[in-house]
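Subject: Structure for you to look at

Hello,

Here is the structure I promised to pass on. Please open it beside this email and follow along.

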Amino acid sequence: MSVNRMQKINKVSVTAPAHLHTGNFDMTGDLGRLYGTVGFAVDRLLEVEVTKRVDVKSEDEAAYLFASRFVDAFDLAGAEVKVKKTIPKFVGMGYHTTLALSIGTALAKLYNLNLTTEQIALTMQRGAITSLGVHAFKVGGFIVEGGFRVDQREKMIPPLIFHESVPSNWLFVIAIAKEPQEKIVKMRENEDKILRNLKLMPKETSDMLSRIVLVKIIPSIVENDLKSFGEGLTAFNSELGKFWNEYQCGRTYCHPVVEEAIKIMLKRSTCACQTSWGPTIYGIVDGKTEAEVLTKELKDYLAKNGGGEVFYTKAANAGASIKEM
Amino acid sequence: MKVYIKTPARLHLGLIDLNGDLGRIFGGIGVAINHPNVILEAEKAKELAVSGEKSELTQKLATHFLEAYGLKEKIAIDVKETIPEHIGLGSGTQLALAVATSISRLFEIKASTHEFAAVMGRVAQSGVGTAVFEQGGLVVDAGKNTKDLAQKIIPLICHLPFPDEWRFVVAIPKTKKGLSNEAEALAFKDLPPMAPEEVSKICRLTMMKLLPSVVEKDIKSFGEALTQIQCIVGDSFAQAQGGRFSSSPAAKCIEFMLQNGAYGSGQSSWGPTVYGIVKSGEAKKIKMKTQAFLNKSVGGEVFVAKANNRGAIIKVNK
């Protein structure tokens with residue numbers, strides 16, 4: 001390496017996309033793997049700026065925690081983490097995983113550690129059950145991963161098995177109802193426990209979900225058929241909603257306000273899905289005009305029903321970007 | 001100018017959806033292997049001249065291609081090697097694409113391999129052969145859109161490099177040849193639709209076992225998934241082929257390979273070709289055992305093949 005390039009890096013900025021979950025297709029595990037996740041990286045970005053220093057410092061509690069975890073694991077000096085841009089928290093858009101991977105990637109760069117995103121994720125203890133966030137960070141776009149091996153739970157990151165760019169005219173209309181948020185934040189505190197004690201899905205349901213992904217959802221995106229793609233996503237996501245309904249007071253979606261918003265979405269989009277535990281839901285429409293109409297309808301609805309945020313965005317067809325400063 | 005082409009052969013690992021009620025039908029899984037091959041050389045000539053193996057068929061294919069693109073020029077093709085026909089190794093598609101691609105290079109016709117496959121009439125059921133020619137490796141195609149059964153391009157939905165350290169022991173029992181062309185089309189037409197539950201099982205085995213095991217190079221899981229998919233697909237073809245596999249020697253050979261160290265085993269397409277998936281260090285031993293086993297029954301050829309992870313080799317010598 002030339003002398004010029006040996007310049008020490010002191011500051012690194014990482015920008016990474018949020019993600020939206022569609023669901024998991026194998027909650028049975030009898031084939032030796034569990035979960036298997038479908039989802040998207042969307043163009044709502046998180047940005048961290050990480051500067052070398054002798055201890056760990058951050059005004060953001062979660063950022064401090066992740067930075068400390070990484071610094072301890074590799075016995076590094078420390079760093080200051082500034083969260084410059086953020087994505088909605090605790091609403092199913094992958095805030096914590098994206099934050100952890102961004103910080104870990106920045107620290108690895110600063111301290112010259114040669115690590116894969118998978119290794120960083122394992123160090124951060126994120127992305128080992130579903131790795132949608134890991135692959136959204138790495139490659140973006142539409143993602144299908146193949147689950148983890150039941151004998152390697154939390155020791156491996158599920159591998160990417162299908163990946164495709166989302167057409168730029170397909171816009172995600174995202175609605176985050178405020179009403180259910182408090183309850184979901186509370187529930188998420190017990191998420192690990194819930195996931196550990198989850199009831200098993202009947203084989204036939206996992207089979208059927210796998211078929212929707214392989215025979216309907218994946219071919220439709222390859223052929224740019226938004227109608228069929230949305231139908232597949234909605235069918236898949238609502239089947240899962242039924243499976244999880246005991247954690248949602250018997251509902252397919254997390255809250256009556258969300259249920260109603262899903263109905264509004266379905267009038268304009270064949271896709272209407274709840275991401276993770278919600279309350280975030282999303283539809284996909286073709287083009288700006290459609291997106292603006294649906295965004296307005298959902299805004300009006302939420303304004304009268306406890307409030308919330310509605311916006312539209314395209315997919316993020318690339319993963320994170322790293323800048324040395 | 002001379003164009004040299006060497007194609008892989010194709011092993012078919014299974015069909016995905018023989019029901020179609022979700023809007024797509026067929027969909028196949030295949031692997032490109034490095035032996036046997038179509039090898040040919042083409043150059044411009046004063047008269048259309050085809051020499052070497054399968055010259056009559058090759059001439060038909062060449063004439064068809066020249067006509068399809070309105071080319072008045074003549075060419076000479078020398079076919080040095082071919083893949084045996086109608087035994088489940090995908091010979092037809094590889095030869096047709098080799099001919100089409102070689103002529104296209106001579107006359108600078110710019111079109112995709114998908115287009116050539118459609119022009120040459122090679123997309124009756126599957127996009128696997130085209131993908132194998134184009135990029136090699138393990139491929140999964142999406143099947144046909146049931147709204148457009150005349151669909152010209154069957155999209156690829158998965159392409160993975162196949163682990164270098166794995167081998168196929170390929171056995172071709174000396175029995176009747178598999179179905180092809182019209183007979184194949186008829187058999188597909190008469191086939192009762194597979195129950196959605198069975199299709200769904202194949203889909204989950206593919207998504208949750210077969211594909212991850214290729215990424216993770218886990219031959220045991222790959223073999224198990226392959227064998228299970230083969231059994232489900234085979235049973236649904238029982239009516240057309242008189243049993244789970246195309247013949248009793250084929251079925252026995254599959255069983256024998258499984259009992260003698262293969263991690264998974266199956267039949268390629270309509271057979272009679274069968275194969276076992278093994279680790280490279282064990283390939284020779286299992287090949288010899290399988291050969292001895294076949295010699296005691298109907299006889300036939302057994303060889304070891306490696307995956308081809310790059311597709312056809314195309315060389316243009318100016």
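Start with strand β1 of chain B, residues 2-6. Five bridges join β1(B) to β4(B), and the two strands run antiparallel. One pair to find is Y4(B) and its bridge partner in β4(B), E41(B). Keep in mind throughout that this is a predicted model.

Strands of a sheet pair through backbone hydrogen bonds, and the pairing can be parallel or antiparallel.

Now widen the view. Five strands of chain B form an open sheet, in the order β5-β6-β4-β1-β14. The pairing in this sheet is mixed. Which strands are at the edges? They are β5 (49-52) and β14 (313-317) of chain B, and each pairs on one side only. On average, neighbouring strands of the sheet are turned by 15° against each other, direction ignored.

Next, the helices beside it. Helix α1 of chain B, residues 55-68, lies across β5 and β6 of chain B. The helix runs at about 150° to β5(B). α1(B) also packs with α2(B), at an angle of about 50° and with the axes 9 Å apart. That angle makes α1(B) oblique to α2(B). Their crossing is right-handed. From α1(B), the contact uses T58(B), L61(B), A62(B), F65(B) and L66(B). From α2(B), it uses L95(B), A96(B), V99(B), A100(B) and I103(B). Sorted by class, this contact of α1(B) with α2(B) has nine nonpolar residues, one polar residue and no charged ones.

Chain B also has some backbone details to check.

- The peptide bond from H35(B) to P36(B) is cis, with omega near -10°. P36(B) sits in the loop between β3 and β4 (39-45) of chain B.
- H86(B) is not a glycine, yet it has a positive phi of about 55°. Its place is the loop between β6 (74-81) and α2 (91-106) of chain B. Is H86(B) buried or exposed? H86(B) counts as buried, because it has 20 C-beta neighbours inside 10 Å, and the cut-off for buried is 20 or more.
- K217(B), also a residue other than glycine, has a positive phi near 55°. K217(B) lies in the loop between α6 and α7 (219-236) of chain B. With 13 other C-beta atoms within 10 Å, K217(B) is partly exposed.

Then look at where the chains meet. The contact takes 27 residues from chain B and 27 residues from chain A. On the chain B side, the elements that give two or more residues are β2 (9-17), β3 (24-33), β9 (156-160) and α6 (196-215) of chain B. Which element gives the largest share of that side? It is α6(B), with 14 residues. By class, the side of chain B that touches chain A has 14 nonpolar, six polar and seven charged residues.

Now move to chain A. Helix α3 of chain A covers residues 117-124. Six of its eight residues are buried, so α3(A) is largely enclosed by the rest of the structure. The buried ones are T117(A), I120(A), A121(A), L122(A), T123(A) and M124(A). What do they pack against? Their partners are α1 (61-73), α2 (95-110) and α4 (132-138) of chain A. Just after α3(A) comes Q125(A), which takes a positive phi of about 55°.

L46(A) is in strand β2 of chain A, residues 33-52. L46(A) counts as buried, with 23 C-beta neighbours inside 10 Å. Leave out residues up to four places away in sequence, and L46(A) touches A16(A), A18(A), K85(A), T86(A), I87(A), T98(A), L99(A) and S102(A). L46(A) and L266(A) are 220 residues apart along the chain, and their C-alpha atoms are separated by 29 Å.

Last, chain A has a cis peptide bond. It joins G278(A) and P279(A), with omega about 5°. P279(A) lies in the loop between β9 (272-274) and β10 (280-286) of chain A.

Best wishes

Conventions: Residues numbered from 1 in each chain as written. Chains lettered and ligands numbered in written order. Predicted model: local features only at pLDDT ≥ 70, side-chain atom pairs only at ≥ 80, totals over all residues. Contact = placed C-beta atoms within 7 Å. Helix = DSSP H or I, 4+ residues; strand = E, 2+ residues; numbered from the N terminus. Nonpolar A, V, L, I, M, F, W, Y, C, P; charged D, E, K, R; others polar. Buried ≥ 20, exposed ≤ 12 C-beta atoms within 10 Å, placed from the backbone. Pairing = 2+ DSSP bridges. Axes fitted to C-alpha atoms, helices over the stretch in contact; angles between N-to-C directions. Parallel < 35°, antiparallel > 145°, perpendicular 65-115°, else oblique. Left-handed = near helix turned anticlockwise from the far one by under 90°.
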